[in-house]
Amino acid sequence: MVPDLAAGRKGGVDWSGRLVAAAFAPEGNWIVDVEIRLRVDGTQHRLVVDTRTTLLDALRERLGITSAKKGCDHGQCGACTILLDGRRANSCLALAVAHQDTDIVTAAGLADGQELHPLQRAFIDHDAFQCGYCTPGQLCSAVGMLQEAQAGWPSAVSRDLDADEVVLEEAEIAERMSGNLCRCAAYANIVPAIREVAGR
Ligand code: FES
Ligand code: FES
């Protein structure tokens, strides 16, 4: 899509060859649209966004990729959690323009073809959701959390900060997943589901 250069907007190509359009809004703020690329769940996309667009809004509103959910839009609930180059992040706090060379994975991209990710399978087996609204964020967060634990990162409840191996007991999982809220309070099943995968 080409930026709208009508209605008084000025446009051109920036130093990297991207289309850029800028306009001065009536309220006195500059609006800058820029053409960006995003690689989501292995598929490359090109789109034009206002530079203030969050990654969550770019995914949901511009690309129609609705796996990541909007809960608080303020980094408080974790419903929008995705993986950025393998690390979990709140997409409502990330700017789309800052992630053009990032490997972006949503919960919809976790499966290997028809084969569910082990965490997806465990959530089903443990009945670890009710309405399911928080579940995509819980899954991406759990994937990132397991990698953090495998790398030996301690948490606030880790007793030995220098331990080579993190044992993901219940309290560790609850603490490490505390950024992902579940309004249905399915925690009693979410934690065992993650624990089952962690123990493999
Ligand atoms: S929507 Fe991003 S943390 Fe709540
Ligand atoms: S399953 Fe409903 S919010 Fe978590």
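In the predicted model described here, Asp85 is found in the loop between S5 and S6, where helices (H or I, at least four residues) and strands (E, at least two) are DSSP runs numbered from the N terminus. Asp85 has a positive phi of about 50 degrees although it is not a glycine, and with 11 other C-beta atoms within 10 Å it is exposed. Burial is assigned from C-beta atoms placed from the backbone: a residue is buried if 20 or more other C-beta atoms lie within 10 Å of its own, exposed if 12 or fewer, and partly exposed in between. Because the model is predicted, local features need pLDDT of at least 70 and side-chain atom pairs count only at pLDDT 80 or more, while totals for chains, interfaces and linings use all residues. Residues are numbered from 1 along each chain as its sequence is written, and chains are lettered from A and ligands numbered from 1 in the order in which they are written.

The protein chain contains five helices and seven strands, which follow one another along the sequence in the pattern β-β-β-β-α-β-β-β-α-α-α-α. Of its 200 residues, 36% count as buried. Among contacts between residues at least 6 apart in sequence, 49% join residues at least 24 apart, two residues being in contact if their C-beta atoms, placed from the backbone, lie within 7 Å.

Several individual positions in the strand region can be described in the same terms. Arg87 belongs to strand S6 (residues 87-90) and counts as exposed, with 12 C-beta neighbours inside 10 Å; its C-alpha atom is 9.6 Å from that of Ile104, a residue 17 places away in sequence. Asp33, in strand S3, is by contrast buried, with 22 other C-beta atoms within 10 Å. The C-alpha atoms of Asp33 and Thr53 are separated by 9.6 Å, the two residues being 20 apart along the chain. Asp41, in the loop between S3 and S4, is a residue other than glycine with a positive phi, near 50 degrees, and its 17 C-beta neighbours inside 10 Å make it partly exposed.

In helix H1, the residues Leu55, Leu56, Ala58 and Leu59 are buried, and what covers the buried residues of this helix includes S3 and strand S4 (43-50). H1 is followed by Gly64, whose phi is positive, near 70 degrees.

When residues up to four places away in sequence are not counted, Ala142 touches Leu119, Met177 and Ile194.

Two packed helices are described by the angle between their axes and the distance between the axes. Here the axes are lines fitted to C-alpha atoms, for helices over the stretch in contact, and angles run from 0 to 180 degrees between N-to-C directions. The axes of H2 and H5 come within 9 Å and cross at roughly 135 degrees, and the two helices are therefore oblique to each other, given that angles under 35 degrees count as roughly parallel, over 145 as roughly antiparallel, 65 to 115 as roughly perpendicular and the rest as oblique. Their crossing is right-handed, a crossing being left-handed if the near helix is turned anticlockwise from the far one by less than a right angle, and right-handed if clockwise. In this pair, Pro118, Leu119, Ala122 and Phe123 in H2 meet Ala193, Ile194, Glu196 and Val197 in H5.

H2 also packs with H3, at an angle of about 130 degrees and with the axes 10 Å apart, which makes H2 oblique to H3. The crossing of H2 and H3 is right-handed, and Leu119, Gln120 and Phe123 in H2 meet Thr135, Leu139, Ala142 and Val143 in H3.
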